[in-house]
Amino acid sequence: MADLTRIRTLALLGPTGSGKTTLAESLLHAAGAIAQMGSVERGNTVSDHEPLERRMLHSLQSSLLHFETQDGLRVHVIDTPGSPDFTGQALPSLEAVETAVVVIDAQRGIELMAQRMMDAAKERGRDRVIVINKIDAPGIDLPGLLAQIQQTFGRECLPLNLPNQGGVQDCFFASQGSSDFGSVEAAHRALVEQVVEVDAAFVDRYLNDGDVPATELHEPLEQALREGHLVPVLFMAAKSSVGVKELLTVIDKLLPNPLEANPPAFERSEGDATELVRVKIDPTEHVLAHVFQVRADPFLGKMGLLRVHQGTLTKNMQLYVGHGRKPVRVGHLFALQGKTQVPIDKAVPGDLCAVAKLDELHPDAVLHDAAEDEHLHLAPLKVPTPVHGLALQPLRHGDEQRLWDVMHRLVEEDPCLKLEQSAQTHETLVYGLGELHLRVLLERLKETFKFEVKTQPPRIAYRETIATSAEGHHRHKKQTGGAGQFGEVYLRIEPLARGEGIHFVDAVKGGVIPGQFMPAVEKGVREACSLGVVAGYPLVDVKVTVYDGKHHSVDSKEIAFVTAAKKAVQEAVKNARPVVLEPIVSVEVLTPESHVGDVSGDLSSHRGQVTGTRASMPGQLVVQGLAPLAELAAFQTRLNAMTSGQANYTLAFSHYDPVPPNQQAQLAAGYKLKDDDAE
């Protein structure tokens, strides 16, 4: 157990350009893990090792790093991408670490990704630390930025150090001294008061003695970090290594080891019952390891990035993957240093490692060696819904299945990518968080897997539903030379609340539809819903109750009831005031103050609405609003024209709303033409 106290795990999170990769490089260099610091500009950092990352000069996927200090501290670092389009790469790192380090650029202030990552880390129960980077940049207002951080994230954001004549001055262990902000005494007192508040005994001691030595505050400090009662703020300039050694001291002396942080949120689910499970952070127990990310490699096959939570994972060990009944052998066990795979013999609770050449792995899987753990999983991670879509076709006819297989491997790497097969057009559809997200995906498809595709303009993920209840009936009767087909179905369709999905109810009595045919009836219902009725988009949020029907002792077959159910649903939907729904997204536009009116006007003219504004940094505001996704196809081009390229935006799925009647008529008319051709 003593080994576990010398392990630290942290994820570097925050917006693109804030300096996360440079900070990771500085830590590796300061700890002696690399002889010389690389730079993003030169394309030789340990983290950004993919050719595409080096060309684009920023991270596109999370990278695992590690180092050990001379006194035996073992630190695992995850360097995450900062673009909102790659949120699905950054968020899973929160499943693998004790501490979320959110990096803020002192020149640009609090950006959208910093806000999102702080919120996500808080929701997931991670300890949080804020790093204000690039404090050596000219013309910055650091006291003003600290005040803005406290206003945005809470008064619990307190500095552990302060800038001091080109360096930094500790405020936690040191109770006296000077800084660019003035005396450190007030900052030290604020920290001690914030920490002792979580422990009544320390409060009494502080009130009686006037001070408590920081060296005696370790346990209440860890409690304050766990509870979010303290969010330390650190100042540094990673590129010039200012504050990096001080950060190493903070990691060693103040940040939690695996035994001190909030426990992982494991659940055991069997049937409809779910219970919380407290795992034992103990290397002698049976193994529990979580696959927080999967990588696709054309040469190594599937590689899983793991966090060991319980037990000791060893090379050549036999493990089960989730519900899998057949054990797999861990033949390759690595610690990753960017792209370099460092073979290791074992990993204990708190360690991050990788296993390769295991096709059974999948994101969020739990590896275990005990049968009773097959129903264990981590509480689901909330990720943004992908709303930007592309239709893909291989350049060569006949490569459709290979395209699907390769895309499936790439999509597995990112929970914010979704792959579908269009039942109407037989195209492969991929959805992501933005244009950059999909562009990088296609670049990787081309560069890594040597596969080129044709793309169609982004497709909007419309949906269909109904506004009222109706009944439908169809008798399918087909007589050919031999045995015939017969099936008859009566059903009722009713609207459900948004997000309820499809509910199928079997209310048939008296065996008028024999039980062996009910799965075929349900299949027909769900096929009709997936195909859509009025405009060719999936039908959602309906309850379908089958209450009557007929069968024939000789001619009834499953295919007959599939067809009858499908046609009955189509008839019912047409009589239930069908509605086409469109995705509505929440929009956040970072723009110069002088262009707020232009941005607001553009949103309003494209069926959007502005819901508010908030300050970002001096001279910049964030315009918040809601808009139909279909109206935002050329939004960045319009923003560039309005603001001379000074504005950018992020989207997140919000909800579905009915389209205007004239648009629904256009969508329905287009679908009818296709339907007539098919007939």
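**Note on a pocket and a helical region**

1. Helix 4 (112-123), helix 11 (435-449) and strand 37 (648-658) each contribute at least two residues to the lining of the second largest pocket. Strand 37 gives the most, with four residues. Keep in mind that this is a predicted model.

2. The second largest pocket holds about 750 Å³ of space. Its lining counts 29 residues. Nearest its centre lie Ser83, Pro84, Asn648, Tyr649 and Thr650. By class, the lining splits into twelve nonpolar, eleven polar and six charged residues.

3. Now to helices 6 and 7. Their axes come within 8 Å and cross at roughly 140°. Helix 6 and helix 7 are therefore oblique to each other. From helix 6, the contact uses Arg189, Val192, Glu193 and Val196. From helix 7, Phe202, Val203 and Tyr206 take part. Five residues of this contact are nonpolar, none is polar and two are charged.

4. Helix 8 (residues 218-226) has buried residues at Pro220, Leu221, Glu222, Ala224 and Leu225. What covers the buried residues of helix 8 includes helix 6 (185-196) and helix 7 (200-209). Strand 5 (127-133) and strand 11 (231-235) are also among the covering elements.

5. After helix 8 comes Gly228. The phi of Gly228 is positive, near 75°.

Technical notes. Residues are numbered from 1 along each chain as its sequence is written. This is a predicted model: local features need pLDDT of at least 70, side-chain atom pairs count only at pLDDT 80 or more; totals for chains, interfaces and linings use all residues. Side-chain values use heavy atoms; hydrogens and water are left out. Buried means under 20% relative accessible area, exposed over 50%, partly exposed in between (1.4 Å probe, protein chains only). Contact means heavy atoms within 4.5 Å. Axes are lines fitted to C-alpha atoms, for helices over the stretch in contact, and angles run from 0 to 180 degrees between N-to-C directions. Angles under 35 degrees count as roughly parallel, over 145 as roughly antiparallel, 65 to 115 as roughly perpendicular and the rest as oblique. Ala, Val, Leu, Ile, Met, Phe, Trp, Tyr, Cys and Pro count as nonpolar, Asp, Glu, Lys and Arg as charged, and the others, Gly among them, as polar. On a 1 Å grid over the protein atoms alone, a cavity is a set of points where a 1.4 Å probe fits but cannot get out, and a pocket is an open set with protein on both sides within 12 Å along at least five of seven lines; lining residues have an atom within 4 Å of a point. Grid points are joined across faces, edges and corners, and a volume is the space filled by probe spheres set on the points.
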